[in-house]
Amino acid sequence: MVRSRSAIVTAGVVALLVVSISAGAADPTSYRPRQGRYEFTLQPRYVASNTIDFDGGTSIDTDADLGFGFGFGYNFTNKFAMHLDWSWVSANYKARIGTTDSGGISTGTTTASGTLDSSTFALNLSYYFLEGPLTPFVLGGIGWTWVDSNVPSGLPQTGCWWDPWYGYICTSYQDTYAKDYFSYSLGLGGRWDVTPGFFLRGSVVWQWMDVGKAGTTDFPGGRLDIGFMF
């Protein structure tokens with residue numbers, strides 16, 4: 001896990017250096033101020049591997065994986081912006097589950113594995129240190145994160161309905177163990193306004209969630225914003 005976090009930070013620093021070198025060759029006369037402009041972003045994301053420890057000897061190891069997101073934003077000034085972001089990631093996990101007898105005495109552990117899905121809807125604020133086309137920035141936000149373990153919580157059920165084109169249709173579905181969590185995040189990165197209507201943002205972001213008996217757990221990652229201003 002430490003190696004993954006170091007890789008994220010290193011990738012972020014390298015990305016900022018690449019942007020700085022590229023921006024040095026850009027035409028500064030093509031820059032248009034951000035103030036008063038809206039934005040739309042596509043967000044390839046990376047989430048590092050992590051270990052979550054619960055009471056009773058239970059723990060979950062999640063694999064590193066890629067995710068995706070998109071967002072809408074508004075620049076109040078050249079230095080201050082607000083974004084509404086949605087993101088999604090699916091990652092494999094391995095769980096060690098502590099077991100007990102009827103008297104509550106530990107009887108060891110059992111293992112399980114699967115894939116969990118997670119999505120977050122967040123309100124983020126960004127502060128740019130410079131007003132020009134190339135600037136470092138910090139971001140922070142609060143949100144709501146939904147996590148689905150994909151572990152069945154009941155028997156399969158079948159629902160049917162009438163479709164005017166295809167006739168009578170029946171499908172089966174099965175409830176799974178899922179839960180919502182309050183989350184918050186903090187990030188550091190760099191932005192390059194490549195043209196008046198196009199920009200790139202790269203950042204390293206940490207997200208925290210209160211996952212019940214495991215307490216507050218951090219989830220480090222990185223994101224690249226491919227943005228359009230109008």
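Start with Glu39 and Arg191. This is a predicted model, and in it the two side chains meet in a salt bridge, 2.8 Å from N to O. Where do Glu39 and Arg191 lie? Glu39 is in strand S1, residues 38-47, and Arg191 is in strand S10, residues 176-195, so the pair ties together parts that are 152 residues apart in sequence. Buried or exposed? Glu39 is buried, and Arg191 is buried too.

Arg34, Glu39, Arg191 and Asp193 are linked in a network of salt bridges.

Next, Arg223. Its side chain forms a salt bridge with Asp85, and the closest N and O atoms are 3.6 Å apart. Now the accessibility. Arg223 has a relative accessible area of 8%, and buried means under 20%, so Arg223 counts as buried. Asp85 is at 3%, so Asp85 is buried as well.

Arg223 has another partner. Its side chain meets that of Asp225 in a salt bridge, 2.8 Å from N to O. Arg223 and Asp225 are both buried. How many salt bridges does the count come to? Seven.

Now the nonpolar side. Which residues make up the largest nonpolar core? There are nine: Ile52, Tyr93, Ala95, Leu116, Val147, Tyr181, Met209, Val211 and Phe219.

Take Leu116 from that core. Set aside its neighbours within four places in sequence. Leu116 is then in contact with Thr62, Val89, Ser90, Ala91, Tyr93, Val147, Asp148, Ser149 and Asn150. Tyr93 and Val147 are on that contact list, and Tyr93 and Val147 are also members of the core.

Last stop, a strand pair. Strand S8 covers residues 157-163 and strand S9 covers residues 167-173. In which sense do S8 and S9 pair? Antiparallel, over seven bridges. A hairpin of three residues joins S8 to S9. Look across the pair at Cys160: opposite it, in S9, stands Cys170. One reminder while you look at the strands: in a regular strand, side chains alternate between the two faces of the sheet.

To recap. Glu39 and Arg191 form a salt bridge, and Arg223 forms one with Asp85 and one with Asp225. The largest nonpolar core has nine residues. S8 and S9 pair in the antiparallel sense. That's it from me.

Methods: Residues numbered from 1 in each chain as written. Predicted model: local features only at pLDDT ≥ 70, side-chain atom pairs only at ≥ 80, totals over all residues. Heavy atoms only, no water. Pairing = 2+ DSSP bridges. Helix = DSSP H or I, 4+ residues; strand = E, 2+ residues; numbered from the N terminus. Core = buried A, V, L, I, M, F, W, Y, C linked by side-chain atoms within 4.5 Å. Buried < 20%, exposed > 50% of the residue type's maximum accessible area, 1.4 Å probe, protein only. Contact = heavy atoms within 4.5 Å. Salt bridge = Lys/Arg side-chain N within 4 Å of Asp/Glu carboxyl O.
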